[in-house]
Amino acid sequence: MMIRQIGIIALIASLLPACSREPTLINDAARLLSAKQAASVATFHHYLLADHDIDYRVLTLTQGGDLNRYTSQQFQALKVGSASKGGRGLLLVLDTADNKVRLEVSRSLEAAYPDAFIAYIEQRQMTPFFAAGRVADGILATTELIVTRAQHTQTNQGWDDEVWSPAATAGGGATANARLDGAPVPATISDTPNAQKPGQGDSPLAQNSPEVTLQAYLNAMSTRNASPDLDIYSAPTRAMLKQWVVTPAQMDNIVATYRDCHADAVRYDAQQTLAVIRYPVDERMCSPWFFVRQGDRWQLDLTAMQGLIRFGRDNSWHFDVQLINQHPYQFAFADWGFDNRGYPQKMRWHLTVASDQQGHVWVARTGAGSAAEAFGFRQDDRLLRWNGVALTHHEQAMRAMQDAEAGKPVSVDIIRDQQAMRLEGLAPPRP
């Protein structure tokens, strides 16, 4: 979805510990990035190396000239790929003098990243951000597609169904107009047969069920209809989308991702004014969709999704841990548990616990109608002992819950409202 790209861009992460032998990942001679932006890009490129053994560097310059030759020379001079065990390297060069960008690929990666793919991500993902003056965001959004392609390669998934494949794109070459001068990018216009120009064809309308509205949205994405004024969006969503950069590659990625997702039944709140379409916990790339009712129609609430949903370095979704219990759509996740990073889990007890450096362990959350709630746990209960064993870290409590034999007695000593008490009951069945 479109918030996936925003999520990976907005994700705040600490840089991995520096090593004197590590190469310089970002060399911003043209000063296109702030220090914070350069650090953020370097962080994700560290992750790309750690997770997929790809050594990805970025150079910016202001000199002009033959960019293809310069990039090839720098690839060799900088020994791009030397930090990778398999010699896998990528070098992105931005030249502001000639307004060009080139992404060079090592020979060991040519099978996974052919010229057609490189040209596609340059023209359909990276440069639309550059044209909007968001260079760092364009690099990060492109890194996401590089990660996706690496994941497909690791699972031996081909590219026949991917929009950039030789059968679906002109391809050819890995140098493009960088659009650093703000040249307009027709994000809703594509070279594919089903592409739709602004104002062309029927505008997708909100429908009387969330499922049909979602299908209308996916149909809009398949035709690369990036208009922010579609009826399928709530009013706040339309206002938000007018401030976003939505690239053809983003829309293609949405369609490709959800093609393989298996939706659960729609969940509604008690007033039937909010709804959620979610997917099995194991489908980690398939983040949920939020809807709000407007009259007798259901519209996508992307503003609520953007505020709550985040994406990890492998593109799997999770909730902002600060907001898990503070959003109006939590009714749809009462039967799920979430770890301390906000990732959904199949939890037997549906009990989330936390701890501090002083050895205090407490209940951070219980699912409504869950086994934990039936056992007697309440939010903010301090956990002292589980079956007589003292608890000083939340991982102890998690292991105790996991190891508890279904149907066997369990006793937990707690403090609630400054009063000591003991909870007793039977361990719930395993999922």
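The dialogue below takes up strands, helices and nonpolar cores in turn.

Author: This is a predicted model, in which local features need pLDDT of at least 70 and side-chain atom pairs count only at pLDDT 80 or more, while totals for chains, interfaces and linings use all residues. Residues are numbered from 1 along each chain as its sequence is written, and side-chain values use heavy atoms, with hydrogens and water left out.

Reader: What is the strand order of the open sheet of 4 strands?

Author: Strands (E, at least two residues) and helices (H or I, at least four) are DSSP runs numbered from the N terminus, and two strands pair if DSSP finds at least two bridges between them. Here the order is β6-β7-β8-β9, with antiparallel pairing. β6 (267-268) and β9 (297-300) each have a single partner strand, so one side of each lacks a neighbour in the sheet. Between β8 (residues 289-294) and β9 there are 4 bridges; valine 292 has glutamine 299 of β9 as its bridge partner.

Reader: Which strands form a hairpin with 4 residues between them?

Author: They are β3 and β4, and asparagine 99 in the turn has a positive phi of about 55°. β3 (residues 89-95) and β4 pair in the antiparallel sense over 6 bridges, and aspartate 95 stands opposite lysine 100 in β4. On β5 (residues 175-177), which is joined to β4 by 3 bridges and runs antiparallel to β4, asparagine 177 stands opposite lysine 100.

Reader: Why is β4 largely enclosed by the rest of the structure?

Author: Buried means under 20% relative accessible area, exposed over 50% and partly exposed in between, with a 1.4 Å probe and protein chains only. β4 (residues 100-105) is largely enclosed because 5 of its 6 residues are buried.

Reader: How are two packed helices described?

Author: The angle between their axes and the distance between the axes describe them. Axes are lines fitted to C-alpha atoms, for helices over the stretch in contact, and angles run from 0 to 180 degrees between N-to-C directions. The axes of α4 (residues 115-131) and α8 (residues 248-258) come within 7 Å and cross at roughly 115°.

Reader: Which residues have the most contacts inside the largest nonpolar core?

Author: A nonpolar core is a set of buried Ala, Val, Leu, Ile, Met, Phe, Trp, Tyr and Cys residues joined through side-chain atoms within 4.5 Å. The largest has 45 residues, and those with the most contacts inside it are Tyr217, Tyr233, Trp289, Phe290 and Phe319. Helix α6 (residues 210-222) gives the largest share of this core, 6 residues. A second, separate core of 37 residues includes Val41, Tyr113, Phe130 and Val147.
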